[in-house]
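Take a look at the structure shown here.

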Amino acid sequence: MAAAQAADTQLMLGVGLIEKDTNGEVLWVWCYPSTTATLRSLLLRKCCLTDENKLLHPFVFGQYRRTWFYITTIEVPDSSVLKKVTHFSIVLTAKDFNPEKYAAFTRILCRMYLKHGSPVKMMESYIAVLTKGICQSEENGSFLSKDFDARKAYLAGSIKDIVSQFGMETVILHTALMLKKRIVVYHPKIEAVQEFTRTLPALVWHRQDWTILHSYVHLNADELEALQMCTGYIAGFVDLEVSNRPDLYDVFVNLVESEITIAPLAKEAMAMGKLHKEMGQLIVQSAEDPEKSDSQVIQCWWPGQL
């Protein structure tokens, strides 16, 4: 138990704080331990406070060069001790994919910062989770790392939703993942992109590999360079301009139009035969069964894997 807890607590890499002040300035205010300038500018880009469209995204997550980031952003109420701050984001970086775990922990850290207006309490809680896997606070809620199993995170999305949207074409996504191809997913809403992309690795459940997931990518030179170093990936974008970048994908998914496009250069490798058709039918039939849960649907395709 102690060894498992130690392994779990070694997954967190750092915590940071970004603020938007009453003048509209967005600043990287604090972090523990230190972080690189590259990662800091990436996280400022990912947090919605620097967006010009002023949309508040309460929680976003993604991956950059094997570091996962989780960002919770809130508006500061008038009653808070933070008089010169309108919004702030709490950022956690970690080695593992577990959005529910880090969303829960960042929410607790947000409540602490709202109440105390100082990062000290946040740092104490972060260190408590880092060393013991737990932080308890009567007024701000408790957090226990071991409550958040990685497999639950893998099963949190809905395979059935993907099949209901794309039907037999889901087999294209399945084939692309089996062949370790590059899948790019577009939707203007980041929440839709994240929900869809996080579910796709479950189509190849036998691998249980979520390192292929890059659920929030900007058309930024450094981010694209990091992405293109990966052999196969699932990458989520909110900028439609990505559709004009065939160098980034073998399969392009437009969630708005419910369209899946195979890039010309990938057509030969992605040619569909009788086996693919049979797999497609199995995928659709099992997913359309109202009695079956998402995990039971996966079990139909990958018997004995769950």
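## Strand β10 and its partners

Strands β9 (residues 213–214) and β10 run parallel, joined by two bridges. To get from β9 to β10, the chain passes through helix α9 (residues 221–228). This β-α-β crossover is right-handed. Keep in mind that the model is predicted.

Strand β8 (residues 182–186) also pairs with β10. The pairing is parallel and has five bridges. In one of them, Arg 182 has Tyr 233 of β10 as its partner.

## How enclosed is β10?

Is strand β10 (residues 233–237) largely enclosed or open? Five of its five residues are buried, so β10 is largely enclosed by the rest of the structure. Buried here means under 20% relative accessible area.

Its residues point two ways. Tyr 233, Ala 235 and Phe 237 point one way from β10. Ile 234 and Gly 236 point the other way. All of these are buried.

## Helix α10

Helix α10 covers residues 274–288, which makes 15 residues. At 1.5 Å a residue, α10 should span 21 Å.

Which residues of α10 are buried? They are Met 279, Gly 280, Ile 283, Val 284, Ser 286 and Ala 287. An α-helix has 3.6 residues a turn, so residues three or four places apart point the same way. The cover over the buried residues of α10 includes α6 (159–166), α7 (170–178) and α11 (294–301).

Definitions and conventions
Residues numbered from 1 in each chain as written. Predicted model: local features only at pLDDT ≥ 70, side-chain atom pairs only at ≥ 80, totals over all residues. Heavy atoms only, no water. Helix = DSSP H or I, 4+ residues; strand = E, 2+ residues; numbered from the N terminus. Expected span 1.5 Å × (residues − 1). Buried < 20%, exposed > 50% of the residue type's maximum accessible area, 1.4 Å probe, protein only. Contact = heavy atoms within 4.5 Å. Pairing = 2+ DSSP bridges. Right-handed = clockwise from strand over helix to strand, strands pointing away.
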